[in-house]
Structure formats: structure tokens, C-alpha cells
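Biologist: Can we go through this one together? I would like to begin with the core and then look around the ligand.

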Amino acid sequence: MSNMSNLSNPSSTATTATTAATAAGSPLTHAQVRDYRDQGWIVLPDVFDRAEVGVLAAAAEEVLDRPGPEVGRERNGVASICWGMHLFDERLAALTRHPALLLPARQLLGNDVFVHQSRINMKQPNGSVVAWHQDFGTYHRVDGVPEPRGIMIAVFVDDVSVVNAPLLAVPGSHREGLVSTAGIDPDSPDHENVSTYRYDITDETMADLVGRYGLEAITGDAGSVVLMDMTVVHGSSINISPLRRLVLYVNMCPVDNRGLSYERPEYFAARDFAPLQPLPPDCLIRDGGQPAAVDPGRPGPAEP
Ligand SMILES: O=C(O)CCC(=O)C(=O)O
């Protein structure tokens, strides 16, 4: 079961109102939309229940076993990230069309949407940091996405707290436009393909932003969903706890804001711009949590 009431109004007990709002395609309340526009993100607790989280965890673990270039690894060889996860697994493809993600994305972006990029981020104990960045920086400069209109959706598969390297973000930073600089750190601990396309944010810029806006840790229990403007400045530090921190990311753009460059492989940047259509709310758990009978879109990454 998906707890759509949290999407509609966390404090509401009016299930019928939730259903009506969902049917109308506007599951977020005015207050949630306002907070998203002001802060740059909102957190929706209890969107996915334990069974659904279990399905997502199993799917992510299987996909991280892939040998291909879409999987990034820590220095010790342990897989930590898979780009384009929805291209490789029907359960993860279903997640991108789950109404709990798709309907808020449509509402916030005001149009039909497609997945520009998805990824599994398995924040391993003692693994890499994620340097400060804006997802839109690379999407714009490399993938040719014209405008800063898009959403980064994070689905927490593990509990995320202050102790296991949560996502850190600068509230309001999306209002600054692009603040990242096109400098490449050759010593970046990240996967080679990512470093190549990295647009980092200088210490001076970061100090200025944090001085004006502050810096927050985004936490929540497994099953929570974060909706974040893709221009928000964010990153994460090393996870020195023994606690795994698995988060699935789905970045969507409105269909009138598609990438134009085709420079990167499909697992980094979309080739399929067809408007996503929602699946039923139980799409992750029907068939007993086995890969659902849905169209995954494409069987694998295409050459750029
Ligand atoms: O999950 C994290 O630690 C950060 C991931 C991130 O910033 C990204 O994938 O854009």
C-alpha cells in the first residue's frame, strides 16, 4: 500500500479528499507547494511502506551487481552507484511511474514529465563524499537541458539520519541560478565518468551561500520521499557510521525542457522523452514483489 495521504496533507485524516486531490493530479497542498518553492524541497514521510521498501531494496541490490559502466565503485571495488537504474529493472522502472512520485512532479512542474536521469546511491560505510553541486549544472552544460526546470526526487530505502551521511542542502539556493564553476578536480574520488563532467562549487561560493541561507541535513525514515528543485545546491559527506544509506534518485524534467546534446550515454541522460503515465498505486507489490509486468522503457543504455 502507498500512503498517499502524506502527499496530500500530512495532517489530514480526510482520505476522500486525498483521493479526489490525487485524481485531480494535484496531490500536494498549497502549503507544501509554497514550501517547495521557498525552500527548494519538501520531505514526505511514510510514502512507501515496509513491503514496498523491501521490493526497492532488493531491486537496487540486484542492479548494483551489474558489471557495466553504468555502475560506479568505491576505491575498494564495492558498487556504490548505478546511473539509469530504471533502464535495468522493471521494479525501478515502475518506481518512476508510481503516482506518489509522478503526480507531485507533474503538479510542481506544471506539465507532463520524463525521467532525465535516475540513480541508485548506496552510501557505503567509509565510502566517497559527494561534493557540493547542482544537478542542473551538468544537465544544462553537458546534456543541453535548456532551463532550470526539473525535480530531483529522492526515495529513502534506508533510514537516513544525521549519523549516516544524509543529504545536505542549502535552502533557497535554487533562487540563485547556476552557481557552480566549470572546474574539474583530477583527484576527485568519484567514478571517472562523473569527474569528467563535474561542475563544482567553490569554497568561496559555498561560504557565501551558507552565510546567507544556512545549510540543512535532510533526514527521514525508510519510505520517505524528498522532492527537490534540481537547482538546489547539495552534497553529502563521508559515511563513517556502519549504517548503510541507500537512496534512489529520480530526476524528472517537463517535456518542454528536454536535453538537446546527446553527448552522454543514456544511463546519464535521457533519450526517451515520452510523457510518463502513472501506474496503479500498488505497482511495486503486485505479483508478490516480483518484477512487475510493466514496460521498462528500454532494455539497456544506448551509445551516445
Ligand atoms: O545521496 C547523496 O549522498 C548525494 C547524491 C547526489 O547529490 C546526487 O546524486 O546528485
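**The core and its surroundings**

Modeller: The largest nonpolar core has 79 residues, and those touching the most other members are Ile153, Ala154, Val155, Leu227 and Leu248. Keep in mind that this is a predicted model.

Biologist: Which strand gives the most to this core?

Modeller: That is β11, with 7 residues.

Biologist: And what does leucine 248 touch?

Modeller: Leaving out residues up to four places away in sequence, leucine 248 touches Leu56, Ala60, Met85, Leu95, Ile120, Val155 and Val157.

Biologist: How much of the chain is buried?

Modeller: Of the 304 residues in the chain, 47% are buried. The chain has 9 helices and 11 strands. For contacts between residues at least 6 apart in sequence, 84% join residues at least 24 apart.

Biologist: Now the ligand. Which residues are around it?

Modeller: Arg119, Asn121, Lys123, Val130, Asp135, Leu167, His234, Gly235, Ser236, Val247 and Tyr249. By class, that shell has 4 nonpolar, 4 polar and 3 charged residues.

Biologist: Which strands each supply at least two residues of the shell?

Modeller: β4 (113-123), β10 (234-236) and β11 (245-254).

Biologist: What does β3 pair with on the β4 side, and how do the two run?

Modeller: β3 and β4 run antiparallel, joined by 3 bridges. In that pairing, isoleucine 81 stands opposite asparagine 121 in β4. Asn121 is also one of the residues around the ligand.

Biologist: How many bridges join β2 to β3?

Modeller: There are 3 bridges between β2 (residues 71-73) and β3 (residues 79-83), and these strands run antiparallel. Valine 71 has cysteine 82 in β3 as its bridge partner.

Biologist: What about the hairpin of β2 and β3, how many residues lie between the strands?

Modeller: There are 5 residues between them, and glycine 77 in this hairpin takes a positive phi near 95 degrees.

Biologist: Last topic, confidence. What is the average pLDDT of the chain?

Modeller: The average is 85, and 81% of the residues score at least 70. Over residues 1-23, though, the pLDDT is below 50, and this stretch has 41 contacts in the model beyond near neighbours in sequence.

Biologist: Where else does pLDDT stay under 50?

Modeller: Over residues 292-304, for which the model has 37 contacts beyond four places in sequence.

Key
Residues numbered from 1 in each chain as written. Predicted model: local features only at pLDDT ≥ 70, side-chain atom pairs only at ≥ 80, totals over all residues. pLDDT = per-residue confidence, 0-100. Contact = placed C-beta atoms within 7 Å. Near = placed C-beta within 6 Å. Helix = DSSP H or I, 4+ residues; strand = E, 2+ residues; numbered from the N terminus. Nonpolar A, V, L, I, M, F, W, Y, C, P; charged D, E, K, R; others polar. Pairing = 2+ DSSP bridges. Buried ≥ 20, exposed ≤ 12 C-beta atoms within 10 Å, placed from the backbone. Core = buried A, V, L, I, M, F, W, Y, C linked by C-beta atoms within 7 Å.
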